[in-house]
Each structure stands twice: as structure tokens, then as C-alpha cells.
Amino acid sequence: MGGDKIGTLLIIRDVTSIRNLEKMRRDFVSNVSHELRTPLTSIGGFVETLKIKELDDKSKHKALDIIEFETERLKALINNLLRLSQIENIENVKHLVNIDVRDDLYEVINLLQPQAEKKNINIIVDIEDKLNTINGDKDWFRLIAINLIENSIKYTEENGLINIGLYNNNSGIKLVIKDN
């Protein structure tokens, strides 16, 4: 038995899901970088503009308004990133309650409707009559719904269509958001 070969061990592992997750993370980082870079570029450009001493008061105020707007946009992006990080950390869930997902979803849709109307996007809602209740954090459910629907509005072309469905799924629910 000193060096005799008694067999072969072959291990095969499907790493497709790991590769897909890595790609999703790379895409996410790329998108976040772009979303952060755009307002920073705008702010930098208008700071340079303000350094020009010959600007009239109207131009200075316009530049300051744009800087203020882009700063608020950056704050909102960073807050959304922090919220997403909290959502991913299940240990932070502390306020579990039964959620009436139908009412919460309609509130989110009503909140985002003006954004859709600006792009003439039609939102069609299909909600099952008797939905299961889910136990969770109401604020996080709303944040997730806001994030998904807001992205659909953002990435749907003008005169587009978004379908939102809410259905029972075993003992939970299934939220489906499709855009074109």
C-alpha cells in the first residue's frame, strides 16, 4: 500500500450561480459609480464656473441652484445605498409586523405615478383578490417596492408600459414588475 493507486476522485461543481452573482455585483458597482460620478462632474463644473469673477448674479444663482440640486441627488443615492445595505443584513430586522402588501403597493405606485406621467408611462396593476399576509418590516417592503418600480420608470422609454403584479406564492406573496 505504500504508493499504490487505488482509485480516482473527480469532483464536478456547477459554478454558474457564483459567476452570475459576481457579474451582478460588477454591474452594480459599475452602475453606482456612474450614478455617483454624474452629479460630481456637474458640481465640479459649476464650481469652476463660480470661480469666474465676471459672472452676473443671475448666472451665479443658477450655478448654485444646480450645485444644490446635484448635492441633494448625491445624498439620496448614498441614502439608498445605505438602505439597500441594511436590507441585505437580515439581522437588522427588528420591527416585524403583518404587512398589508396591497395597500402598501398602491401607496408606492401613487407616490411614483407623477414620475411615470412625466414620461407618459402607463402602469397596469394586477393584484390577486385574496392575498396572503406576510410578516416583515413594512418600511423595508416599501423601500424594495419603491426601488423596483422607480428603476422600471427610469429605464423605460417614453410612452412605455410597466406591468405590476402581486400574487400568492405558497404561504407568501410574489411581486412581479415588468417593463419594456
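W140 is buried, because its relative accessible area is 13% (buried means under 20%, exposed over 50% and partly exposed in between, using a 1.4 Å probe and protein chains only). You'll find W140 in helix α4. Helices here are DSSP runs of H or I with at least four residues, strands are runs of E with at least two, and both are numbered from the N terminus. Although W140 and R83 sit 57 residues apart along the chain, their C-alpha atoms are separated by 8.3 Å.

Some housekeeping: this is a predicted model, where local features need pLDDT of at least 70 and side-chain atom pairs count only at pLDDT 80 or more, while totals for chains, interfaces and linings use all residues. Residues are numbered from 1 along each chain as its sequence is written, and side-chain values use heavy atoms, with hydrogens and water left out.

How far apart are the end C-alpha atoms of helix α1 (residues 16-50)? They are 51 Å apart, and that agrees with the 51 Å that its 35 residues should span at 1.5 Å a residue. The expected span is 1.5 Å times one less than the number of residues. Within α1, the buried residues include V32, P39 and I43, along with E35 and S42.

## Two helices side by side

Now look at helix α3 (residues 101-118) and helix α4 (residues 138-155), which pack at an angle of about 35° with their axes 10 Å apart. Those axes are lines fitted to C-alpha atoms, for helices over the stretch in contact, and the angles run from 0 to 180 degrees between N-to-C directions. The α3 side of the contact includes V101, L105 and L112, and the α4 side includes F141, I149 and I153 (contact means heavy atoms within 4.5 Å).

By class, this contact has 12 nonpolar, 1 polar and 5 charged residues. Ala, Val, Leu, Ile, Met, Phe, Trp, Tyr, Cys and Pro count as nonpolar, Asp, Glu, Lys and Arg as charged, and the others, Gly among them, as polar.

## The nonpolar core

In soluble globular proteins, nonpolar side chains tend to be buried together. The largest nonpolar core here has 21 residues, and V101, L105, I149, I153, I164 and L166 touch the most other members. Such a core is a set of buried Ala, Val, Leu, Ile, Met, Phe, Trp, Tyr and Cys residues joined through side-chain atoms within 4.5 Å. At least two residues of this core come from each of α3, β2 (122-127), α4 and β4 (161-169), and α3 gives the most, with 6 residues.

Strand β2 holds I123, which counts as buried because its relative accessibility is 13%. Setting aside neighbours within four places in sequence, I123 is in contact with I109, Q113, A116, I162 and I164. L166 touches V101, L105, I127 and L175, among others, not counting residues up to four places away in sequence.

## Out towards the solvent side of things

Leaving out neighbours within four places in sequence, K154 is in contact with E35 and K119. K154 and K119 are 35 residues apart in sequence, and 9.1 Å apart in space, C-alpha to C-alpha.

Most residues other than glycine have a negative phi. N120, in the loop between α3 and β2, has a positive phi of about 55°. N159, in the loop between α4 and β4, has a positive phi of about 65°. N159 is exposed, with a relative accessible area of 55%.
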